[in-house]
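Trainee: I would like to go through this model by questions, with the cut-offs stated as we go.

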Amino acid sequence: QISWTPPLVLGYLFYLLLGAMVFQLLEKQAETHFRDQFQLEKLKFLQNYTCLDRQALEQFVQVLMEAWEKGVNPEGNSTNPSNWDFSNSFFFAGTVVTTIGYGNLSPSTVAGQIFCVFYALFGVPLNLAFLNQLGKALNAHLLTLERWVQKPERAQVQLAIFLTTGTLLFLVFPPLVFSYVEGWSYGEGFYFTFITLSTIGFGDYVVGTNPNKHYIPVYRSLTAIWIVFGLAWLALVFNVGADLMERYLQLKWHKSDLSLAEGDTTKLEDEPEQPRIHIPS
C-alpha cells in the first residue's frame, strides 16, 4: 500500500521545483520593472513638489501601506462604504471559515482578533462538516446517475454532463458577472474565481472593493454563498482527480512489480537445474 510513496514524494518535490522555476522566470523581471518604475515615479513627484523631501514622502507611503493593511482603500475619500457593514462582514465571515483568507481585510481590534480566533476554531470544522455533507449529496447524485443508466457508456455521458454543468456554473459564467460588475477582463475574473474556490486566496483580486463603483448591498453576501457551493463542487473534482492519480500510481507500480516478478520467474525457469548435493547428517 505504501510501495508507490517514494515516487509520489519525488514527483511532488519535482512539481514544486518546476513551479518555482517557472514563476521566477515569468515574474522576476516584471517585478524589477515595476520596482524601477515606482522609484522613478517617486523621483518625479519630488521634482514636481520641491517643498517635500524624501523622508516626508517615505512617511506618507508608509501611511498608505498601513491604511491598506487595515482594509482602508487609499483611493477616494471618507465617504467610501464601510468594510464592516453587514454584507461585507458576512463575506469576511465566509472567508474565515472557508480558510480562503484574502488578506486585504482583517480585524484591527484586540477583541475582534480574539473573537476571530475562536470563531475560526469552531467555524472551520463546521464548514468542513457542511462541505462534506454537500459533497456526499453531490456524490450520491453521481451514483444515482450511474445506477439509473445501465450502460457504462451512458453513465460516462451523464457524468460528463454533471461535471460540465458544474464547470459552467462555478468556473465559466461567474467570471462574466465579475467582469461586468468589477470591470475586470474575463481572464482576471476567471483567475479570481479559481483562486477563490481553491481556497488559495491571494487577495490581489477581491470583489466589492472598488470605491469608484456602487454595489448592491447583497452583492458580497451572494458571492459568499456562491463560494460555499463552489468549494463543495471543486473539492469533489479535486477528490476525484486525487483518487484517479492514486489509482494510476498504484496500477503502474503494481504492473512494475508484476513484470519484475515475471522476469525473476522466467530467469529461474531458464537456468539449468543445479545438481543436488547430499550432505549426510
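Trainee: Is F45 buried, partly exposed or exposed?

Mentor: This is a predicted model, in which local features need pLDDT of at least 70, side-chain atom pairs count only at pLDDT 80 or more, and totals for chains, interfaces and linings use all residues. Residues are numbered from 1 along each chain as its sequence is written, and side-chain values use heavy atoms, with hydrogens and water left out. Buried means under 20% relative accessible area and exposed over 50%, with partly exposed in between (1.4 Å probe, protein chains only). F45 has 34% relative accessibility, so the class is partly exposed.

Trainee: How is the ring pair of F45 and Y49 classed?

Mentor: Rings of Phe, Tyr and Trp (its six-membered ring) pair if their centres lie within 6.5 Å; planes under 30 degrees apart count as stacked, over 60 as edge-to-face and the rest as tilted. The rule gives 15 aromatic pairs. For F45 and Y49 the centres are 4.8 Å apart and the planes are at 40 degrees, which makes the pair tilted.

Trainee: Why is the pair of W184 and Y205 edge-to-face?

Mentor: The ring centres of W184 and Y205 are 5.3 Å apart. The pair counts as edge-to-face because its planes are at 80 degrees.

Trainee: How many residues apart in sequence are the parts that W184 and Y205 tie together?

Mentor: Helices (H or I, at least four residues) and strands (E, at least two) are DSSP runs, numbered from the N terminus. W184 lies in the loop between α5 (152-182) and α6 (186-197), and Y205 in the loop between α6 and α7 (219-270). The parts tied together by the pair are therefore apart in sequence by 21 residues.

Trainee: What volume does the largest cavity have, and which charged residue is in its lining?

Mentor: On a 1 Å grid over the protein atoms alone, a cavity is a set of points where a 1.4 Å probe fits but cannot get out, and lining residues have an atom within 4 Å of a point. Grid points are joined across faces, edges and corners, and a volume is the space filled by probe spheres set on the points. Ala, Val, Leu, Ile, Met, Phe, Trp, Tyr, Cys and Pro count as nonpolar, Asp, Glu, Lys and Arg as charged, and the others, Gly among them, as polar.

Trainee: Which helices each supply at least two residues of the lining of the second largest cavity?

Mentor: The second largest cavity has a volume of about 30 Å³. Its lining has five nonpolar, three polar and no charged residues, including F91, T95 and V228. The helices that each supply at least two of the lining residues are α3 (86-97) and α7.

Terms used
1 Å grid on protein atoms, 1.4 Å probe; cavity = no way out; pocket = protein on both sides within 12 Å on 5 of 7 lines; lining within 4 Å.
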